[in-house]
Amino acid sequence: MTDIQHLKPDQMVSVRDLFGIENDLKVPAFSQREEHVPEIDSAYRFNVDVTLAILSGFVQNRRVMIQGMHGTGKSTHIEQIAARLNWPCIRINLDGHISRLDLVGRDAVVLRENKQVTEFQEGLLPWSIQRPVALIFDELDAARPEVMFVIQRILEREGKFTLLDQNKVLDPHPYFRLFATANTVGLGNLSGLYHGTSMINQAQLDRWNIVAKLNYLSAEDEANIILSRVPSYDTDEGRKAIDSMVALANLTRRGFEAGDISTVMSPRTVIFWAENMQIFRDTAAAFRLSFLNKCDVAEYSTIAEYYQRCFDQELPESESISAWFD
Amino acid sequence: MERHEVLQQKLEHWCAASIRAIANQATVHYRGHQLLIDDKLLGIQAPHLQLDLATHDNTKLRGVADGIALRLIHSEQDLHGRLKPVSELQQLVFELLEQLRCEALAPERMPGMRANLRQRYLYWANQAAASKLVENSVCLLIFSISIVSWSRLQKEIIPALIEDLIEGTRFSFSSNLRECLSAMLKSKHDQRRFAEHALQIAAEIELMVESVASDEGADSQAPQNLKKLLNSAVLGSQWFDSDASKLQAGLAEGFAVSQVSTIDSASSDFEYQIYCRDYDKVVIATESIRPAQLTKLRTQLDKRLRQQSVNVHRVGRYLQQLISQSKLSGWSFGEEEGYLDAARLSRLLCSPDEIRLFRKEQSKPASDCIVSILIDNSGSMTHHNEAIAALVDTLAKALELAQITTELLGFTTNEWNGGQVLKQWVSDGKPENPGRLNSTCHTIYKAAQTPWRRARPAIAALLKSDSFREGVDGEALQWAAQRLENRPEANKILLLISDGSPMDSATHAANGDRYLDQHLCRVAKDIERRADINLCAIGVGLDLSAYFQESMSISMDNALDNPVLFSIAETLHRAV
């Protein structure tokens, strides 16, 4: 790793130019790309509110947490903003087995002059805190709440970080930034969709300055994202198909809210569906492989009804039709 | 007929699900073939959306569902209600124009929805064109305005046959009416502006009707006739003439009336009375039948059970999956993670590679639940009694496998047509509003504490149907609920199996036909409101959703199989 400790944002860029958002805000950015800066996805569409929330995190050094259902592109959203600002960015995927040692660092046996010695090796947390890095904690609500107290102090702005193992106190780099994403707002798995999430301690949740919600996009935005991922559909017919796909995805979401089905189509699923359509050349087959097979058999008929509405075509799974003809 | 009921219920379920998703209205559901929103009847009365219940055709029901969903999205009910004209004829025209407007707003991205709407509308139009109603000039006028507006709003071509039929009427449209039509078409995105033009059209139509009426010189009879005609046009049931459809429509109407009246007003002034309790009794099934006969009946039932293809253990596991909750019980040792198990530390010393040193708390499924099955023992159930006995026996066994307690109860009356109680009432000089005029007979087939194995002969007593008479469902539900109250289980489910509405001829003759119906509705509602007991119902070839929030219908035509029991398990699960 080349050391990026001394890097600083050295230019101001306009939000309007960079993200296509109607706003006069100017934000600091790095002029040079570095190995930790994510790749730019030129097709990515920014959600105005969430982009502003994340940018305020970058500009004002706020701690921003983004909550949203799966497949809405929460982490990608932060990554893509960092990519356009040339801001180094590191994602840490939290899970129930991440311990304090994983984050802070541990004593490890290393070879020095052909002798085994124990040496403290810094974890990612102390490493990032001393550098101009945007650190993203993915799936914050999957981590064990007691472990997450490790980051309690750095959640405060200018909060120092004490390395107990080395008797050192670290000052955060002025351009260190912290973000988190989660499926729930830390109140546990209320919808039954997010098995394995835990409750977030409220004192911890309280320290996040900004909690932004990224739920589903408008139908037009979603269709545009899909088109940009599968450009071969950019014909009149293809656009029609994609509009219908998005309409179907919206029906599953409302059906989920009403309690009729227990699986929702995320934008990610719709993208998979469009990609699978290119492979199989058959809308229904691709739909089955990308979504229907993930659903409970008892819900096939309801989903088949949604499908009929959007494509004017019966799925063979539809019980209503088979019941009809025998 | 029975299969049709089951299918109808499924279709309604899917259509309601589609409406909920399309219109984003989570509270829409069917009860007794009526669409309710927030437990109130939907007031959508456009003729082409009135469904004849005998045509249980998916595509047509889909069209109706889509029409209703679009109406919910695009039309403000309040505004529509405020703008509504006074005269009934104008109301009808206004209503159907508003509905057509909403249907014209079907999104491009849902071609299937457009196809459904088109199919439904054309089906209705063809039926109407073929019926006698269009021979009446008023109806033909309304029909024509509906067709013309539809074709122009949807940009569709009118089928040649209908074109011929309405040509004359269409020609008679005044220039004023034509202008209104064109203006109306331009404002289909704006309910208020559209309504202004629609109201003008409605007024024009009424003028035309009046002139037609005066031409025909039937002034005196016109208003009454008109009302009758309008009713038929609104209900749509007049379009069809088969007996089955009339029966169905009548049934549905009965349900709807009793249901609405209990929901809205009758609950306050309706009072249920019992004329005499002296002859009521509770019997234990095994005590009224000789043991030798019970053995014979059980053999008969076992023979039937062997013929069915049900995997009871699988049903039991499914029930457990659905109904039981996980409870911590005991420890599991030798785990690779968890709490450190002190007793195993010595192993670590002996073999440092040993990592199974931890213990975890185990969770096991436990179902603290009782299901009380209340069986309608009315005379009509005699046809099904072997099938019902087989169903109940299998269900009780499966529930017991899932560690769920069961209770089997039955209800009927002691005598046909009033019996002793009626005689007493007659000798008392027939006082008014006597209330229930028969004595009830409640049977216990299997009490909660009796295990299924020991209750086997008693379950066979269900086959002895000579004591099956009439049925007072409401009181039976109260009795079963009362028995449940005293049980220690945390989850209590009351499952009613019935093939019809409550019936007692003497009571109905003295109190009116809906007396027992109303009581059942009220009792069901009371129990549904209670937090401790969950109520659900199985209709044998009949839709019971008018009475119960959670109901399913099953067909007894075929042998019992796994899917039927699975769906019963799901109904029980939904009720919890």
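**View 1. A:Val64 stands opposite A:Phe179 of β10(A) in this predicted model.** The two strands concerned are β3 of chain A, residues 64–67, and β10 of chain A, residues 177–182, which pair in the parallel sense over four bridges. Both strands belong to an open sheet of five strands in chain A, in which the pairing is parallel and the order reads β4-β7-β10-β3-β11. At the edges of this sheet stand β4 (89–93) and β11 (210–213) of chain A, each with a single partner strand, so that one side of each is left without a neighbour in the sheet. From one strand to the next, the twist averages 20°.

**View 2. An open sheet of seven strands in chain B shows mixed pairing.** The strands follow the order β4-β10-β9-β8-β11-β12-β13, and β4 (281–284) and β13 (551–554) of chain B stand at the edges, where each has a single partner strand and therefore one side without a neighbour in the sheet. The twist in this sheet averages 20° from one strand to the next. Within the sheet, strand β8 of chain B (residues 369–376) runs parallel to strand β9 of chain B (residues 405–413), and seven bridges join the two; B:Ile375 stands opposite B:Gly410 in β9(B).

**View 3. Helix α13 of chain B packs against helix α16 of chain B.** The helices, residues 291–307 and residues 385–401 respectively, pack at an angle of about 75° with their axes 10 Å apart, which makes α13(B) roughly perpendicular to α16(B). From α13(B), B:Leu301, B:Arg304 and B:Leu305 meet B:Glu386, B:Ala389, B:Ala390 and B:Asp393 of α16(B). The residues of this contact divide into four nonpolar and three charged, with no polar ones.

**View 4. B:Ile201 lies in the largest nonpolar core, which has 91 residues.** Together with B:Ile19, B:Ile68 and B:Val93, B:Ile201 touches the most other members of that core. When neighbours within four places in sequence are left aside, the contacts of B:Ile201 are B:Val93, B:Leu97, B:Ile145, B:Leu177, B:Cys180, B:Leu181 and B:Met184. A second, separate core of 79 residues includes B:Leu297, B:Val310, B:Ala458 and B:Leu495.

**View 5. Chain B meets chain A through a contact that takes 19 residues from chain B and 22 residues from chain A.** On the side of chain B that touches chain A, α1 (2–23) and α5 (111–130) of chain B each supply at least two residues, and the largest share, nine residues, comes from α1(B). The residues on this side of chain B divide into 12 nonpolar, four polar and three charged.

Conventions:
Residues are numbered from 1 along each chain as its sequence is written. Chains are lettered from A and ligands numbered from 1 in the order in which they are written. This is a predicted model: local features need pLDDT of at least 70, side-chain atom pairs count only at pLDDT 80 or more; totals for chains, interfaces and linings use all residues. A nonpolar core is a set of buried Ala, Val, Leu, Ile, Met, Phe, Trp, Tyr and Cys residues joined through C-beta atoms within 7 Å. A residue is buried if 20 or more other C-beta atoms lie within 10 Å of its own, exposed if 12 or fewer, and partly exposed in between; C-beta atoms are placed from the backbone. Two residues are in contact if their C-beta atoms, placed from the backbone, lie within 7 Å. Ala, Val, Leu, Ile, Met, Phe, Trp, Tyr, Cys and Pro count as nonpolar, Asp, Glu, Lys and Arg as charged, and the others, Gly among them, as polar. Two strands pair if DSSP finds at least two bridges between them. Axes are lines fitted to C-alpha atoms, for helices over the stretch in contact, and angles run from 0 to 180 degrees between N-to-C directions. Angles under 35 degrees count as roughly parallel, over 145 as roughly antiparallel, 65 to 115 as roughly perpendicular and the rest as oblique.
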